[in-house]
Amino acid sequence: MSSAFAALLAPTTAHAASPTPAHAISSQRHAPGDPITLPVRDALAALTVQDESRAGYNRDKFKYWTDADKDGCNTRAEVLLSEAVNAPEVGPGCTLTGGSWYSPYDAQYFDSARKLDVDHLVPLAEAWDSGASTWTAKERELYANDLDDERALIAVSAASNRSKADQDPSTWLPPYAGYWCTYLTNWVADKTRYQLTIDPTEQTALAERLAACPNQPITVTLTR
């Protein structure tokens, strides 16, 4: 099983699905498409911990920025359109003009799509290291273009995305500390969605940081 994701979760209500106990993630059989809800610290505890390997990695092994629905706008443009604070005009070839965006990594607003990158929350290289190396090419393509979970891809300032590169939370967190808890929670959700592993250093960093955050329930739809 593996990880990637949807938008920030709203607070649970009396009618929300009961959280799945952490131990149940490994003891129950789950199929792709199954939803799982559990507190983020339990989700972290349920992830497999093992050393990572980047052997054989090449970014081109993930076919990214495709146009799955054939509407003329690729995945990057779809994210920019869905996350715009003020919608841009869409021209020929899905050229975006005008509009505005908020980059939560550094709490800045931008008035041009050219000033933004679309970040894979769990970077492609990190996904490869923690399980995607064994996937099929089609599975990696679906991961790289995941529009079904709003947490998987996020429009952020080019500067913040490039400072992050392929780092995990043990070595990089967003410049804006007010976003840390959301970032860490979404990271665990993404890894849970694709059942990606975490390495020991990553596990320690996540556990220490999340201890200071609300133990927010996350809901993910498994892909594997």
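**Exercise 1.** By about how many helical turns are E141 and K138 separated in helix 5?

*Solution.* The structure is a predicted model, in which local features need pLDDT of at least 70 and side-chain atom pairs count only at pLDDT 80 or more, while totals for chains, interfaces and linings use all residues. Residues are numbered from 1 along each chain as its sequence is written, and side-chain values use heavy atoms, with hydrogens and water left out.

Step 1. Helices are DSSP runs of H or I with at least four residues, strands are runs of E with at least two, and both are numbered from the N terminus.

Step 2. E141 and K138 are three residues apart in helix 5, so about one helical turn separates them.

Step 3. Their side chains form a salt bridge, with an N to O distance of 3.8 Å. The term requires a side-chain nitrogen of Lys or Arg within 4 Å of a carboxyl oxygen of Asp or Glu.

Step 4. E141 counts as buried because its relative accessibility is 17%; buried means under 20% relative accessible area, exposed over 50%, and partly exposed in between (1.4 Å probe, protein chains only).

**Exercise 2.** Determine which parts of the chain the salt bridge between R224 and E139 ties together.

*Solution.* Step 1. The side chains of R224 and E139 meet at 2.8 Å, N to O.

Step 1. R224 belongs to the segment after strand 8 and E139 to helix 5, so the pair links parts that are 85 residues apart in sequence.

Step 2. R224 is partly exposed at 25% relative accessibility, and E139 is partly exposed at 30%.

**Exercise 3.** Are R151 and D149 buried or exposed?

*Solution.* Step 1. A salt bridge joins R151 to D149, with the closest N and O atoms 3.1 Å apart.

Step 1. Both residues, R151 and D149, are buried.

Step 2. Elsewhere, salt bridges with shared partners connect E52, E126, K191 and E202 in one network. The count of salt bridges comes to twelve.

**Exercise 4.** Describe the extent and the surroundings of helix 7.

*Solution.* Step 1. Helix 7 covers residues 180–193, which is 14 residues. From first C-alpha to last, helix 7 reaches 20 Å, close to the 20 Å expected at 1.5 Å a residue; the expected span is 1.5 Å times one less than the number of residues.

Step 1. Eleven of the 14 residues of helix 7 are buried, including W187 and K191.

Step 2. The buried residues pack against several elements, among them helix 2 (40–46), helix 8 (200–210) and strand 8 (217–221).

Step 3. Just after helix 7, Q195 adopts a positive phi of about 50°.

Conventions: Contact = heavy atoms within 4.5 Å.
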